[in-house]
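Please look at the sequence and the model shown below, and then read the points by topic.

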There are 6 protein chains.
Amino acid sequence: MATVPLIPDADAEADAAVQTVFDDIRQTRGTDFINNFWRALAADPPLLTATWTRLKGVMGPGALDPLTKELIYVAVSTANGCSYCVHSHTAAARAKGMTPQQHGEFLAVLAMAMQTNSLATALQVPVDPAFEA
Amino acid sequence: MATVPLIPDADAEADAAVQTVFDDIRQTRGTDFINNFWRALAADPPLLTATWTRLKGVMGPGALDPLTKELIYVAVSTANGCSYCVHSHTAAARAKGMTPQQHGEFLAVLAMAMQTNSLATALQVPVDPAFEA
Amino acid sequence: MATVPLIPDADAEADAAVQTVFDDIRQTRGTDFINNFWRALAADPPLLTATWTRLKGVMGPGALDPLTKELIYVAVSTANGCSYCVHSHTAAARAKGMTPQQHGEFLAVLAMAMQTNSLATALQVPVDPAFEA
Amino acid sequence: MATVPLIPDADAEADAAVQTVFDDIRQTRGTDFINNFWRALAADPPLLTATWTRLKGVMGPGALDPLTKELIYVAVSTANGCSYCVHSHTAAARAKGMTPQQHGEFLAVLAMAMQTNSLATALQVPVDPAFEA
Amino acid sequence: MATVPLIPDADAEADAAVQTVFDDIRQTRGTDFINNFWRALAADPPLLTATWTRLKGVMGPGALDPLTKELIYVAVSTANGCSYCVHSHTAAARAKGMTPQQHGEFLAVLAMAMQTNSLATALQVPVDPAFEA
Amino acid sequence: MATVPLIPDADAEADAAVQTVFDDIRQTRGTDFINNFWRALAADPPLLTATWTRLKGVMGPGALDPLTKELIYVAVSTANGCSYCVHSHTAAARAKGMTPQQHGEFLAVLAMAMQTNSLATALQVPVDPAFEA
């Protein structure tokens, strides 16, 4: 259960801002499917609009390839313990071509980072001057 | 200051396990420089050996390119708030070819993930059945 | 499922310390309802007593208004990924008058903080001397 | 030290996008002071512009009072362990009228949330149906 | 639902590396039961092997007693909000002799650490020179 | 720098509540040294009193030995990225007899937990019914 109602299509039609975002999600992704995240955010139309607009720009074409962006997203979502986000962005990574070998290697890097993060913090290692920008 | 002493080269020479790892770090990276993380870990030689051996394997050639692995590493390190790790792996990403444009785009994806993670968690959005593996 | 049994009213009656806390929760909140958090904590009566006593004092009348306190609580709970706490304190915020507009604005501030937190950490921005107390 | 250079005013003048944001920060806040966060973000002008524009909107007048927004910000920043953010937003809270009594009470709520978050998670307390939206 | 399939025994038999790990888990623990974590990791046999081999060594006999190791594990898992890990390692702690009194005291220490962590961070307390190693 | 002033002994004498806590810290620990955490908390005497009183009780004699409690404390502090807390409780663990071997083994368990936490979360492993309390 969510802490807000999930807006169904019928209610989206009643709010121009929500309808505009739902239409753009469908057009951008080439599917009629709107996942629950956007239906929950639609409880607050200005937040829905701001979040979708920014996401569309950030995850669109740029200097990093689309799969790399999804892997960064899954990494952050895992560290933050966001179950929904792990599910949705792992599915997105697969849709963007992630192979089982790449998934396994991603998990290995993730687990490696988690453990050396904890060691560097527990040991309070001072930053080497060589790393200065 | 660290919570353990940072082992200088002179002390490393006195412990065969530490010396072996330090030699391998130098050979693998093609530099004489040993950063503080390994000098701190050297306070416990078995942990040093296990961590370096695993890291060398995980971050070596594989199904993901080296820069992607470093970006995943920086993403996790940021979410965990590990200052040392952010510095060392941002430097590593630059050494592996990260351009300022890629850095900026990485930061945008990272910040996007952080905000949608918090929204999905605050809204307690239920996972869509469509995301099931 | 919880990692400890949830203590039902019948068992609470058998332990004076638990019964005292359950009675006080009911009287303080003006309802017969005891939520699962307290029924789980009742597995350890001293911890139940210490936690309830402190919570009652901290969340009672003071220098901050009750809704502000609940919003701080939901913010921390979200950052920590505590599903139970997000649910219970979002419900509490509504009970204390949170409007949908305030909820939406709260979510926007939360998401904003998450993203600038990650940017400040990834950029390792040095603290400005002007912020010193 | 930051992982990117902090852009001084002289360099900001050379980039129209950066100069526009710096000018707007100064005008909005009524001070000539630009804190380091923005000077670091200026390494990537599009990210600087997007972040400032959104922050200005989110933290501006709305359904929640300015001090409440800053307290939510400090709460999230503390849970995320962002030292820079804790400093800058504690200073902002003071500038918006936070009294020592309010600061002490904020800290008490924050610490309370942290402890009950951990207890609910360690006990894996199931969400009460009564909390459903 | 997991983001990868959980490998049943029939499929494990078809992969020598997975079968070897599953056999070793059964022999080491003296039970036929293989919990879901290993069945999920089996989707990537090299990661399964590396993780099990390291876990077996780290959690085996050493300078800390087995129960202490499990309590450290539950503490980290709680702070990271890992529901699966809290369940599995709380069960393991009980199997290794944790009494209800010890569980209650563990929870009290955990909650205490969470609250003073947040206070030290929110107050940005400078490290005392006396704590230097 | 802290976000509040650190209260020196001269100012503590002027506030009966602060003086009482400082006296009790000195008597309980058998040393004249008051570390910065308490001098920062003294900015809010009621919070200082509540925190010290609870800490003294929780960390005192009980069902878990003193060193185990400190290790749990360092584990949580590391996961939360609290630099001050890692320093102060690693020092406390040493004062309570932690050997270098125990420290190394603690770090290995900590790093192990961090990595399996991330794997269980990234894989979204369902909890085995066998773990139900």
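Chain A is assigned two domains, domain 1 (1-60) and domain 2 (63-123), with bounds that come from an automatic or database domain assignment. The C-alpha centres of domain 1 and domain 2 of chain A are 25 Å apart. The model is predicted: local features need pLDDT of at least 70 and side-chain atom pairs count only at pLDDT 80 or more, while totals for chains, interfaces and linings use all residues. Residues are numbered from 1 along each chain as its sequence is written, and chains are lettered from A and ligands numbered from 1 in the order in which they are written.

**Relation of chains A and B**

- Chain B is superposed on chain A by a rotation of 180° with 0.0 Å of shift along the axis, at an RMSD of 0.0 Å (least squares on the C-alpha atoms of residues with pLDDT of at least 70 in both copies).
- This is therefore the relation of a two-fold axis.
- Both copies use the same surface, as 100% of the contact residues of chain B recur in chain A.

**Contact of chain B with chain A**

- In this contact, 59 residues of chain B meet 59 residues of chain A; two residues are in contact if their C-beta atoms, placed from the backbone, lie within 7 Å.
- On the side of chain B that touches chain A, two or more residues each come from α3 (36-41), α4 (45-59), α5 (66-79), α6 (83-95) and α7 (100-123) of chain B; helices are DSSP runs (H or I, at least four residues) numbered from the N terminus.
- The largest share of that side, 17 residues, is given by α7(B).
- By class, the side of chain B that touches chain A has 37 nonpolar, 18 polar and 4 charged residues (Ala, Val, Leu, Ile, Met, Phe, Trp, Tyr, Cys and Pro are nonpolar, Asp, Glu, Lys and Arg charged, and the others, Gly among them, polar).

**Helices α5(A) and α7(B)**

- The axes of α5(A) (residues 66-79) and α7(B) come within 9 Å and cross at roughly 45°; axes are lines fitted to C-alpha atoms, for helices over the stretch in contact, and angles run from 0 to 180 degrees between N-to-C directions.
- α5(A) is therefore oblique to α7(B) (under 35 degrees is roughly parallel, over 145 roughly antiparallel, 65 to 115 roughly perpendicular and the rest oblique).
- Residues in this contact include Ile72(A) and Tyr73(A) of α5(A), and Phe106(B) and Leu110(B) of α7(B).

**Contact of chain E with chain A**

- Here 8 residues from chain E meet 8 residues from chain A.
- The chain E side that touches chain A has 4 nonpolar, 3 polar and 1 charged residues.
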